[in-house]
Structures are given as structure tokens and as C-alpha cells.
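Trainee: I am new to this structure. Please take me through some questions about it.

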2 protein chains.
Amino acid sequence: MRSDATRNREAILRAAEELLASQGAEHISLDRVAAAAGVGKGTLFRRFGSRTGLFQELLAERASALAQAIESPGSALGPGSPPEERLLAFLDELAELAERNLALFAAHERACAEDKYRDPTYLRWHAHVTALIAEAGPGLDAEFAAHALLGSFDADLARHVMAEGGVARLKSSVRGLARAILA
Amino acid sequence: MRSDATRNREAILRAAEELLASQGAEHISLDRVAAAAGVGKGTLFRRFGSRTGLFQELLAERASALAQAIESPGSALGPGSPPEERLLAFLDELAELAERNLALFAAHERACAEDKYRDPTYLRWHAHVTALIAEAGPGLDAEFAAHALLGSFDADLARHVMAEGGVARLKSSVRGLARAILA
DNA sequence: GAGCATGCGGACTGTCGGTCCGCTTCGATG
DNA sequence: CATCGAAGCGGACCGACAGTCCGCATGCTC
């Protein structure tokens with residue numbers, strides 16, 4: 001990749017973040033993002049392919065720390081801890097992530113409306129949760145339960161829950177659901 | 001309402017259903033619905049206000065039998081039965097409804113993307129499920145748990161689950177989740 | 001059958017995602 | 001440093017679509 005391309009890529013991602021932060025998830029058109037990045041629309045599309053691609057990459061970026069934490073031993077999240085603990089810790093982190101990136105979550109959902117289950121970040125999360133549920137071994141459809149659990153972080157639901165009670169309520173409600181599933 | 005208005009209203013709803021059945025949820029533009037109904041676009045908008053309004057009414061129509069069943073005593077669904085039984089019966093019915101109306105569910109979701117929690121049909125379902133969970137009385141955030149449970153009927157998730165195992169799997173997975181929540 | 005509220009239709013508008021292509025810039029090579 | 005091809009750029013352009021508007025038609029009431 002040429003150096004100007006790299007620079008533009010970064011500019012676009014930062015512009016998108018800034019618009020999400022300042023305007024919320026609605027009314028973020030790609031024209032606007034391109035303009036804010038000081039870049040032509042063609043450039044945006046060459047880099048990211050589509051609206052979907054842009055928000056997927058943005059989410060992947062924001063989720064990368066968590067993705068790493070999942071795989072490195074030494075915390076409650078990582079391999080080595082009992083599955084129950086890992087799951088609860090993971091969900092807590094996800095709640096934090098959702099709180100800090102509600103607008104991004106919303107925009108991402110909107111952009112991935114078709115093929116919601118083909119987003120790489122979501123797939124990783126889902127595989128992780130499914131594995132943990134299966135490992136903890138209740139007699140449930142683990143794959144399904146994982147989807148249901150991750151559904152808690154649907155942007156609208158999360159916003160609604162946090163509107164009364166903040167992240168604390170989101171975390172504790174999700175933990176309650178997770179415990180019920182594991183029991 | 002004038003008689004031609006009533007007739008057109010019906011024609012629009014039937015045309016929308018037919019397009020959903022024949023084309024799936026994507027690419028159903030309101031122009032197309034109006035054309036298929038043999039009606040001008042203005043008529044459609046005067047009747048239903050917006051895309052959202054159209055699909056909300058269509059869903060309400062399809063859900064009306066269930067809405068009635070919920071309130072009339074005499075079946076497992078109705079008042080008089082123990083909350084657990086009522087909940088499971090309700091979810092079974094919802095699964096049937098979802099199976100028969102997958103495309104409508106999808107279109108409805110798309111159309112209600114903003115304000116998903118302001119749809120009257122969803123609100124009724126949610127109130128019902130919340131009440132039943134609260135009545136069965138586990139130490140859970142009933143409102144939240146109801147959203148999570150209803151999330152099972154997200155069109156994409158339902159399709160995905162039914163792709164391997166049909167309604168039977170959807171029903172049993174949802175029942176499993178519901179039992180876990182009530183336990 | 002006259003008068004009018006109600007309703008009709010479809011041309012029109014503004015917005016947006018995505019494409020296209022002639023021009024520019026980067027950076028490898030000698 | 002000069003050359004040159006490949007990589008990248010930008011923004012005019014396109015097609016689709018939700019939603020509006022208004023002059024005309026139609027059903028209803030008296």
C-alpha cells in the first residue's frame with residue numbers, strides 16, 4: 001500500500017469516529033465521512049468497499065484489544081480460567097465496549113443489516129461464547145444461546161437498558177442471563 | 001373512510017404480502033408495492049404514513065389472532081394457566097408465526113430499525129412476556145430478560161436456526177432458554 | 001343532482017450508496 | 001536525479017428509493 005493510501009485510510013477511520021461521536025449513528029452518509037476526512041468518495045470506496053466494510057473495520061479496530069485479551073492467558077478472560085468466569089468477564093468487557101461505542105454499534109448494525117452473521121468480529125465473539133457455553137456444558141443449544149446472549153448488546157437494547165441504570169445495570173442484567181444459561 | 005379508500009387499503013396490504021412471499025424481504029420498494037396494488041404512491045403514503053407504518057400494520061394484522069389468544073382464557077396461552085406454561089405456549093406460537101412470516105419479520109425489522117421498541121405489536125409482546133417472567137418470579141431483570149427472549153425471533157437469527165432443524169429446533173431452543181430464565 | 005370533503009395518482013425532490021474514468025502521485029529502477 | 005508504470009485519487013455521475021405536493025376525480029350527503 002502506498003503511503004498516501006495508508007494516510008487516507010487512517011484519516012477516513014478517524015473522520016468516521018469523530019462523526020459518530022458528534023452526530024450519533026444516524027445521518028452519517030459516506031459523502032460526509034469522505035468530506036470530513038478531506039478525501040474523495042472514490043477513495044473511501046476503494047479502501048473499504050462499502051458502507052458495511054467501513055463500519056466492520058472500525059468495529060474490528062475497537063474490538064481488537066478484547067480479541068487479544070481473550071486469547072492471552074493470565075486474566076479472568078483468558079484461557080486457563082474456568083469457562084464460567086471467562087464468560088462473565090468477557091460479557092463485562094463487551095458491556096464496557098458497548099457503552100463506549102454505542103453509536104458505532106448502532107451504525108455497524110445498520111450497515112450489516114443483511115448478513116449480520118457474517119461480520120468477522122461478531123463471528124469471533126459468537127464462536128468464543130458458544131465454546132464457553134458448551135464447555136460449561138448445560139443441556140442447551142449452545143450456538144443459539146450464544147446468539148441470544150450476544151443479542152444483549154444490540155445497540156437499541158443496550159441503550160434502552162443503560163438509560164435507566166447505566167452500564168452497571170447492563171452488566172448485571174447480562175450476568176444474570178448468562179448465569180441462568182449456564183445453570 | 002370512503003369505500004374506495006378501504007378497498008385500496010386492503011389492496012395495498014395484499015400486494016405487500018404477495019411481494020414479500022414472492023420476492024423475500026429485500027428490494028421491496030414502496031413504488032413496487034403501490035404498482036402491484038394498482039394504486040398511486042400517494043395513496044399508499046396517505047394510508048400508512050411511511051414504510052414503517054405499512055409493515056407495522058401488516059405485522060399487527062398477522063399477529064392479531066395471537067394477541068387475542070393471549071387474553072382469552074381457556075387455553076395454555078390464556079389467563080388462568082400457570083405463567084410458565086403460558087410463556088412456553090406463547091413462545092411456541094411466536095415461533096410458528098415467525099416461520100410462516102419470516103419475510104415479513106425481516107421487512108418489519110428493517111423498517112423499524114430506528115425505534116424498534118416503539119412498535120405496538122412488539123410492545124404488547126414485550127409487556128406480556130415481562131409480566132409472565134416477573135410473575136414466575138426469578139431474581140432477574142424481567143424487562144431485560146423479555147427483550148433477550150424476544151430477540152430469539154429476530155428474523156436473521158430465526159432463519160439461521162431454522163436452516164438446520166426447522167421450527168422444531170427454534171421452538172426447542174427457545175423453550176430451553178425460557179426455562180433457564182425462569183429457573 | 002349539486003356541492004364538497006375525501007381521496008387519488010404520479011411527477012417531482014432530495015439523499016444516498018456505489019461506479020467510473022481521466023488525472024495525479026508515489027516510489028522502484030538505473 | 002530523471003523516468004515511467006503502477007497505484008491511487010477525486011468528484012461528477014447514476015440509479016434507486018422514501019417521502020411530498022397539488023390539480024383532478026369520486027363517493028357521499030342533502
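Trainee: Which helices do the buried residues of α5(A) pack against?

Mentor: This is a predicted model, in which local features need pLDDT of at least 70, side-chain atom pairs count only at pLDDT 80 or more, and totals for chains, interfaces and linings use all residues. Residues are numbered from 1 along each chain as its sequence is written, and chains are lettered from A and ligands numbered from 1 in the order in which they are written. Buried means that 20 or more other C-beta atoms, placed from the backbone, lie within 10 Å of a residue's own; among such residues of α5(A) are A:Leu87, A:Phe90 and A:Leu94. The buried residues of α5(A) pack against α4 (51–71), α6 (102–111), α7 (120–136), α9 and α10 of chain A.

Trainee: Which element gives the largest share of the side of chain A that touches chain B?

Mentor: Contact requires C-beta atoms, placed from the backbone, within 7 Å, and 22 residues of chain A meet 22 residues of chain B in this way. Two or more residues each come from α8 (142–150), α9 (155–163) and α10 (166–182) of chain A; helices are DSSP runs of H or I, at least four residues, numbered from the N terminus. The largest share, five residues, belongs to α10(A).

Trainee: Which element supplies the largest share of the surface near DNA strand D?

Mentor: A residue is near the strand if its C-beta atom, placed from the backbone, lies within 6 Å of it. There are 23 residues around DNA strand D, with A:Gly40 and B:Ser50 among the closest. The largest share of that surface, four residues, comes from α3(A).

Terms used:
Two residues are in contact if their C-beta atoms, placed from the backbone, lie within 7 Å. A residue is buried if 20 or more other C-beta atoms lie within 10 Å of its own, exposed if 12 or fewer, and partly exposed in between; C-beta atoms are placed from the backbone.
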